[in-house]
Every structure is written in structure tokens, then in C-alpha cells.
Amino acid sequence: MKILVLNSGSSSVKYQLFRSADWRSLAAGAVTRIGESVGDLSCRWVDANGVGHRREDSLRIADHRAGIAHIIGSLRDSGTLTDLAELGAIGHRVVHGGEVFHSPTVVDDEVTEVIREMIPLAPLHNPAHLTGIAVARELCPEVPSVAVFDTAFHLTMPRAAYRYALPDYLYKEHRVRRYGFHGTSHHFVAKRAAAMLDKPLLRCNLISFHLGNGASATAIENGHSVDTSMGLTPLEGLVMGTRCGDIDPAIPFYLSKNLRLDNDALDELLNRHSGLLGLCGVNDMREIHRLADGGDDRAALAIGVFCHRLKKYLGAYYALLGRVDAIVFTGGIGEHDAQIRASACAGLTRLGIALDDAANRNDEAAERVISAPDSEVKVFVIPTNEELEIAHQVYEAVS
């Protein structure tokens with residue numbers, strides 16, 4: 001069986017094609033700048049002889065229907081998909097499933113409408129996902145579409161973790177609660193961590209950090225998410241590239257009163273002009289390190305604030321779990337930034353956490369142990385693969 005995974009954005013569609021027999025990625029790429037005068041189509045694939053190829057084209061892509069049609073055409077041209085009958089399913093990343101979707105779900109008209117009802121909770125993402133689903137169902141009517149939800153992994157959180165201390169009607173009538181995101185990534189690395197520990201996932205207690213331009217932490221008890229740093233939206237929690245993370249909730253009131261900022265301006269400020277960008281003017285951690293090494297005080301502060309928040313969440317989740325088998329770092333920063341990992345784990349030997357400096361500095365693109373041999377708590381770097389996790393869940397759903 002072959003499974004096509006689509007991640008539809010407002011003006012782009014990323015994709016990857018997997019073969020379930022060995023979970024090999026046969027092809028991957030993206031259609032970008034949909035609706036503009038000139039769009040881009042990229043495709044990377046491996047032929048039957050194991051030789052890698054790459055192709056890039058620029059052409060006008062009028063809408064998502066044209067974009068997904070180009071994707072299917074590229075897969076056919078590459079020989080990785082000779083007929084739509086080879087597709088066992090099409091998997092779709094969907095950011096928000098609310099409290100309804102606990103697992104991957106085969107899409108029908110009723111499911112589509114429920115996802116549509118979640119748009120107020122994810123106004124920037126769910127509409128684009130619905131467009132991708134609609135086009136896939138139109139172009140490939142005989143192939144089941146399966147929605148995989150970023151929020152689903154976190155629906156195992158207990159009420160004490162997901163409820164805010166707000167009036168009850170806001171939860172019951174308006175669905176105001178903590179949902180969490182990056183669920184497919186946290187789930188994927190949790191399963192890989194269990195394999196590295198040589199233990200069943202359902203016996204593993206883990207703290208996982210997905211660190212990139214968006215960042216989140218998750219406490220995993222016996223294989224299940226019991227707390228996570230993002231909340232109703234992805235704005236809560238860790239310091240991110242352009243998002244502020246945790247702040248005093250009265251700050252927006254203060255800014256509204258004293259700077260005359262309306263809701264749209266506050267949203268723009270907290271989501272797109274805060275975080276690392278707000279602290280030092282740059283949101284790429286590699287550039288921030290370069291600036292800090294050159295004596296830039298704002299860049300050094302940004303790194304300090306970022307790591308301070310990481311350590312707070314690590315300590316809080318350690319206390320929540322009581323016993324921790326492993327700490328996992330993933331995402332662009334988590335996988336490649338030895339200094340951030342070292343800062344997050346520094347001074348925690350009393351908690352049984354000790355890094356091997358040489359192993360931590362090793363930047364190979366592979367799963368690896370970076371804790372010292374005598375560290376009671378293992379520390380892993382595990383490259384995430386959300387598309388592969390979606391493909392696995394889609395396969396289980398249609399099987």
C-alpha cells in the first residue's frame with residue numbers, strides 16, 4: 001500500500017509519499033505560492049534503482065485543486081505512483097480537532113462539517129486543511145481521506161491539566177480549555193524513545209521538547225500526554241521564534257489601555273513580533289548565537305530567556321511525573337543546538353540528569369543518546385518525522 005500525506009496551508013501544500021511495506025519515503029515536495037502570478041513546484045524522489053532525483057518548476061498555480069493535481073502529476077511523472085489505485089489512503093494533517101477527534105478519522109461529509117465547526121479555534125489553519133481535504137476527495141474519490149489531528153495526542157490530559165481557572169460556562173459553552181499542539185511530533189518521538197529505552201511505551205515516563213520556530217513541551221506518563229505547554233492556541237508556553245509564550249494575562253489589558261492597541265494589533269504583537277524576535281530583533285536561533293558570540297547583549301538575553309523557560313518546564317514536568325525515564329529533544333533547535341540542550345539540563349545532577357559533553361556536541365542527523373553513561377535519566381536527540389507518524393496512523397485507520 002502507498003500512502004500520500006498532505007499538509008495544506010493557505011497558499012501551499014507539502015506532501016510525502018510512503019510505501020507501507022517498509023515505510024520508505026518514495027517522494028516528497030511542495031507546491032508553494034498558490035494563487036500568485038508564479039508558483040513553485042518541487043519534487044524529490046528515489047527511483048527503482050535507489051537513485052535520488054530532484055525537480056523544480058515555476059508556473060502559475062491558480063488554486064489548491066491545481067496544486068494537488070500538479071502533485072499527483074509529479075508523482076506519476078517520477079514513476080513513484082503509476083496509478084491512483086496504488087494509493088491505499090491520503091492522510092491530511094489537521095491542526096485542531098477540539099475534544100471530538102481522539103484518533104485518526106476517515107473523512108466523510110459529517111466529519112468535514114465537524115472540522116469546520118473547529119475553525120474558531122484554529123482560524124489560520126483549519127480552513128486550509130479543509131480545502132486540501134475537499135480537493136483530495138474530488139480528485140481521488142475512490143481513495144479514503146484520513147484526518148490526523150495535532151491535538152489528538154493531548155486529549156489524554158486529565159481535567160486538572162486542561163481546565164483553566166475561568167467560569168465554567170466558558171468551557172461548556174465556548175470550549176475554552178487547553179488543547180495542546182505538535183501532538184504528532186511528540187507521539188512520534190515518544191515511540192522512538194521507548195524503542196531506545198527497550199521498554200513498552202505504556203511503561204515510559206518522558207519529557208519531550210519540540211523546539212523550532214514554534215516550541216512546546218509535553219509530559220508523557222505511561223505513554224500518554226498528561227500535560228503540555230501550549231493551550232487553547234499555540235501562543236501559550238515556551239518562548240518561540242515570534243510568539244511570547246507564557247505572560248501575565250493582564251499585559252494585553254495594560255497595552256490596550258496605555259498604547260491604545262486593539263485586538264488585531266495585540267494578536268499581531270504577541271504572535272508575530274514577540275518571542276526571540278521581540279527580545280533581540282532576530283528569530284533564527286543560529287543567527288542569535290552568532291550575534292551573542294559577537295557580544296550582542298540582546299541576543300545573549302534572548303538565549304537566556306529561552307533556556308530559563310525550558311528549565312522551568314523541565315522541572316515542573318519532572319515534579320508532575322515523579323519518575324522520568326528520558327528527556328527528548330526534537331525539532332530544528334532541539335536536534336541541532338547543543339548549547340540550548342546543555343543549558344536546559346545544566347545543574348540537574350541531583351535529579352539524575354547529566355549530559356555527555358562530547359555526545360551532546362555531536363550534530364549527526366540521527367537518533368542518539370547524549371546523556372552520560374551514569375545518568376539516571378537518559379537524554380535523547382530524536383529527529384522528528386511528523387509525516388511518517390501521520391502515515392502510520394492513516395495505515396492503522398484504513399486497515
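**Helix packing, aromatic pairs and buried sites**

Helix α2 passes helix α3 in a left-handed crossing. The model described here is predicted. Helix α2 covers residues 109-117, and its axis lies 10 Å from that of α3, at an angle of about 165°. That angle is over 145°, the cut-off for this class, so α2 is roughly antiparallel to α3. On the α2 side the contact involves Asp109, Thr112, Ile115 and Arg116, which meet Asn126, Leu130, Ile133 and Arg137 of α3.

Helix α3 also packs against helix α1. Here α1 spans residues 64-78 and α3 spans residues 126-139; the axes are 9 Å apart and the angle between them is about 60°. The two helices α1 and α3 are therefore oblique to each other. Their crossing is right-handed, whereas that of α2 and α3 is left-handed. From α1, the residues His64, Arg65, Ile68 and Ala69 take part in the contact, and from α3 the residues Thr131, Gly132, Val135, Ala136, Glu138 and Leu139.

A further helix pair is formed by α6 and α15, with axes 9 Å apart and an angle of about 85°. This angle falls in the range of 65 to 115 degrees, and α6 and α15 are therefore roughly perpendicular to each other. Helix α6 contributes Thr184, Ser185, His187, Phe188 and Lys191 to the contact, while α15 contributes Glu386, Leu388, Glu389, Ile390 and Gln393.

Aromatic rings were examined next. A pair of aromatic rings is described by the distance of the centres and the angle of the planes. The structure holds 5 aromatic pairs. One of them joins Trp23 and Tyr395, whose ring centres are 5.5 Å apart and whose planes stand at 90°, so the pair is edge-to-face. Because Trp23 lies in the loop between β2 (13-19) and β3 (24-32) and Tyr395 in helix α15 (residues 386-398), the pair ties together parts that are 372 residues apart in sequence. With a relative accessibility of 23%, Trp23 counts as partly exposed. Tyr395 also counts as partly exposed, at 31% relative accessibility.

Another pair consists of Phe209 and Phe329, and this one is stacked, with 5.5 Å from centre to centre and 15° between the planes. Distant parts of the chain are linked by the pair: Phe209 belongs to strand β9 (residues 206-211) and Phe329 to strand β12 (residues 326-330), at a separation of 120 residues. Both Phe209 and Phe329 are buried.

Strand β12 also holds Thr330. Thr330 has a relative accessible area of 1% and is buried. Apart from neighbours within four places in sequence, Thr330 is in contact with Ser185, Val189, Phe209, His210, Leu211, Glu335, Ile382, Pro383 and Thr384. Among these contacts of Thr330 is Phe209, the residue stacked with Phe329. Ser185, also in contact with Thr330, is one of the α6 residues that meet α15.

The charged end of Arg177 is placed over two rings. Arg177 lies over the face of Tyr162, at 3.7 Å from the ring centre. Arg177 likewise sits over the ring of Tyr179, at 4.9 Å from its centre.

Tyr179 is also among the residues that His96 touches. His96 is found in the loop between β6 (87-94) and β7 (105-106). Its relative accessible area is 0%, and His96 is buried. Not counting residues up to four places away in sequence, His96 touches Met118, Leu121, Ala122, Asn126, Phe149, Thr151, Tyr179, Phe181 and Leu232. Of these, Asn126 is also one of the α3 residues that meet α2. Between His96 and Ile34, 62 residues apart in sequence, the C-alpha to C-alpha distance is 23 Å.

Backbone angles set apart two loop residues other than glycine. Trp23, in the loop between β2 and β3, has a positive phi near 55°. For Arg175, phi is likewise positive, near 60°. The loop that holds Arg175 runs between α5 (168-174) and α6 (183-197). Arg175 has a relative accessible area of 29% and is partly exposed.

Note on methods
Residues numbered from 1 in each chain as written. Predicted model: local features only at pLDDT ≥ 70, side-chain atom pairs only at ≥ 80, totals over all residues. Heavy atoms only, no water. Phe/Tyr/Trp six-rings, centres within 6.5 Å; stacked < 30°, edge-to-face > 60°. Helix = DSSP H or I, 4+ residues; strand = E, 2+ residues; numbered from the N terminus. Buried < 20%, exposed > 50% of the residue type's maximum accessible area, 1.4 Å probe, protein only. Lys NZ or Arg CZ within 6 Å of the ring centre and 35° of its normal. Axes fitted to C-alpha atoms, helices over the stretch in contact; angles between N-to-C directions. Parallel < 35°, antiparallel > 145°, perpendicular 65-115°, else oblique. Left-handed = near helix turned anticlockwise from the far one by under 90°. Contact = heavy atoms within 4.5 Å.
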